[in-house]
Amino acid sequence: MGNIELWGGVECTINRVGEQYFDQLAKSGHAQRLTDLDLFAELGITKLRYPVLWESVAPEHPEKQDWSWATQRLNRLRELNIDPIVGLLHHGSGPRYTDLLDDDFPQKFAQYARSVAKQFPWVTYYTPINEPLTTARFSALYGFWYPHAKDDSSFAKALLNQINGTRLAMQAIREINPNAQLVQTDDLGYSHSTPALQYQANFENHRRWLSWDLLCGKVDRQHAMWNYLREVNVPEETLDDLVQNPCPPNVIGVNYYVTSERYLDERIIDYPWHTHGSNHYQRYADVEAVRVQAANPLGVQKILEQVCDRYDIPVAITEAHLCCTREEQMRWFAEVWDSASFLRNQGKDILGVTAWTLLGAYDWNTLLTQNNGHYEIGVYDLRSGEPAHTAVSKFLSGLTKQEERHPVLQIDGWWKRACRSVYPPLAECPESWNMAAGPLRQLNNLTVQPLLITGATGTLGRAFAKVCDVRGIPYVLLSRQDMDIADEASVEETLRKFQPWALVNTAGYVRVDDAESEPEACYRENTLGPAVLAKVCQAQNIGFVTFSSDLVFDGNKPTLYAEKDEANPLNVYGSSKALAEEQVQAAMSGALVIRTSAFFGPWDEHNFVYKALKAIAHQETFLAAEDSIVTPTYVPDLVNAALDLLIDGESGIWHLANQGALSWAQLAELAANLAGLEPSPWLQPVPHETFNLPAARPASSALGTEKRAILPSVEDALRRFLHMCEFNFRPSDRQLHNPEDEMQFAAQA
């Protein structure tokens with residue numbers, strides 16, 4: 001058999017909550033960017049799931065149709081030799097003149113489908129309604145989406161309306177284009193359970209097939225769901241008609257996510273309240289099977305085997321996506337791709353794998369019930385306002401060419417590692433990916449390349465090690481004794497020994513005021529060292545990232561400093577960093593230089609925020625500058641973002657700081673208020689000159705960015721910092737609260 005095809009998809013949901021419509025294309029900006037399609041073509045995709053949605057074309061009246069947007073885009077796809085798989089309804093309930101419980105919904109929908117086919121008679125592939133089963137559950141069983149019903153009869157009616165709508169739609173389309181193909185998608189997982197809830201799991205495992213079984217005419221009197229559907233008021237003649245007049249898909253489209261498999265457990269006390277539910281007979285928790293230590297998820301390969309065994313119809317993965325860190329996004333798609341390819345080589349009729357959410361998605365963390373603008377990065381990153389390439393887009397473009405994969409893909413994704421367990425929760429990160437014990441490590445018969453990290457005794461170096469442990473990135477953490485960064489021979493020997501794929505330099509001279517009297521030591525560590533590292537990394541084709549500072553600026557700019565602004569430092573430390581930026585980029589054009597500012601984090605007690613909170617909690621006077629403005633940076637955010645940029649292969653100068661320009665006094669006050677402390681009278685804002693520091697500081701060194709490296713707000717970061725630290729206000733008895741918790745959440749959400 002031939003190779004698996006790479007398909008693509010754009011998250012295009014228009015769902016309704018009450019009277020409000022949520023439009024993904026508007027949020028992503030794709031509605032205004034025709035050029036996105038050319039980017040997609042560069043990936044080498046052959047088919048693209050693409051919207052011509054009912055709510056957009058005919059929002060007010062079925063006869064008032066606007067085809068201009070769809071015409072321009074479908075014609076462009078045709079020019080790019082990409083087959084569109086046209087979707088007509090995507091998790092929606094339709095325009096305001098109908099809904100999923102409307103008796104006339106199927107006929108109204110089919111009328112719209114006929115109009116689409118007349119407008120685009122050359123289109124071959126259709127997904128009239130995406131995920132009918134999932135949409136019926138969310139809209140009519142759980143009440144999340146319009147029409148917000150919460151009963152089995154409404155669920156069944158919403159499902160049957162969509163199935164009959166699909167059948168009538170394909171009949172109408174095929175009257176115009178007899179060769180039209182139905183690609184029917186739905187989420188497909190599997191329910192696991194304790195023995196006491198096996199009956200519920202069995203029910204859900206039968207229900208998961210309903211979209212395809214109904215279309216294929218399989219739901220007869222012997223079907224496991226017949227009695228249920230009859231009990232919830234589905235007319236017998238409706239089911240008989242589907243048996244006698246089926247509309248089997250030409251392609252079964254499987255949408256499979258890392259959370260698609262569920263685990264049901266009656267011991268609800270062991271699970272958070274939001275996981276609790278009921279089937280009217282028994283209360284139980286419904287959680288992701290991958291998060292339960294006792295569960296053994298089937299995985300995508302076995303799920304695909306089940307589909308192939310059940311239907312004699314070609315199969316495709318029509319959504320493959322993971323909201324996570326960059327390497328985990330690639331690991332997930334690689335696993336899906338490799339599983340599909342393996343089965344195809346075994347003779348299974350699997351056509352393609354779809355890179356879903358090419359542009360990312362918005363507010364799926366609240367199941368599209370709130371308009372918070374929460375963005376999940378997709379194949380491209382939209383945070384700068386325009387789609388930017390990431391390691392994922394580069395990985396996808398190399399898939400069909402069988403290019404060598406990034407070294408981080410040698411490691412299993414978090415869903416296959418010990419850290420997956422949340423129920424029961426792990427006391428701490430159960431893994432260490434420190435490879436310092438030997439220069440090379442064998443894993444699955446592969447030689448694993450590590451990430452080298454300098455600065456073993458520093459806050460930032462230790463933070464990188466912690467984050468790498470959570471993200472499953474093998475590393476070696478180097479001290480000054482292991483490698484002298486300013487000695488070229490020492491650097492060359494170390495890199496030959498460990499053969500890293502990249503080097504992160506967090507080492508350096510950090511005492512800003514002492515640098516005024518020790519300039520030679522400062523320049524050696526902060527300028528010569530990074531320049532030497534860059535030179536050797538360039539020679540050995542190794543990725544490199546080093547850190548600079550907001551103190552390269554003089555403070556005269558009234559607004560945030562951007563990456564393009566000229567450096568003009570006021571002190572020796574800032575000068576050493578500014579000179580390092582020049583020399584590093586001269587030695588290595590591909591070097592990544594990250595400027596940051598005033599970082600604080602949960603893994604040390606020496607940062608400004610911790611010291612301020614400790615003093616205020618103990619009712620001790622704390623002085624803080626009221627006229628020196630910075631952009632505080634939360635260390636976990638900084639490290640995760642830096643790793644993503646490094647894996648993406650980014651270069652040049654980037655600003656990484658949390659959003660929010662504050663004086664030191666404002667930062668202390670905000671932290672105290674969020675911690676529930678009363679800052680007055682203990683916090684005393686004073687002029688910067690009060691401290692009489694040897695090194696001059698800029699009045700404002702606040703960093704902004706013109707790139708996509710946008711971190712959460714300072715307030716958001718402080719809340720997470722406080723959650724992790726659990727201040728108990730005793731001078732010498734403060735305990736960090738499992739710092740890996742947050743890193744696991746950040747890396748695995």
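1. The side chains of S211 and D186 are joined by a polar contact of 2.5 Å. This is a predicted model, and the distance is computed from its atoms. S211 also uses its side chain to reach the backbone nitrogen of L133, at 3.3 Å.

2. S211 lies in helix α9, which covers residues 210–215. The relative accessible area of S211 is 0%, so S211 counts as buried, the cut-off being under 20%. Apart from residues up to four places away in sequence, S211 touches P132, L133, L159, I163 and D186.

3. R167 belongs to helix α7, residues 152–176. With a relative accessible area of 7%, R167 falls under the 20% limit and is therefore buried. Its contacts, leaving aside neighbours within four places in sequence, are D241, L242, N245 and C247.

4. For a sense of distance across the model, take R167 and V476. They are 309 residues apart in sequence, and their C-alpha atoms are 58 Å apart in space.

5. The largest nonpolar core contains 197 residues. Those with the most contacts inside this core are F40, L48, V52, F333, L396 and L451.

6. Setting aside neighbours within four places in sequence, V52 is in contact with V57, W67, A70, L74, V86, G87, L88, Y112, V116 and F120.

Methods. Residues are numbered from 1 along each chain as its sequence is written. This is a predicted model: local features need pLDDT of at least 70, side-chain atom pairs count only at pLDDT 80 or more; totals for chains, interfaces and linings use all residues. Side-chain values use heavy atoms; hydrogens and water are left out. A nonpolar core is a set of buried Ala, Val, Leu, Ile, Met, Phe, Trp, Tyr and Cys residues joined through side-chain atoms within 4.5 Å. Buried means under 20% relative accessible area, exposed over 50%, partly exposed in between (1.4 Å probe, protein chains only). Contact means heavy atoms within 4.5 Å. Helices (H or I, at least four residues) and strands (E, at least two) are DSSP runs, numbered from the N terminus. A polar contact is a pair of N or O atoms within 3.5 Å; within protein, one must be able to donate a hydrogen and the other to accept it, and residues adjacent in sequence count only if both atoms are side-chain atoms.
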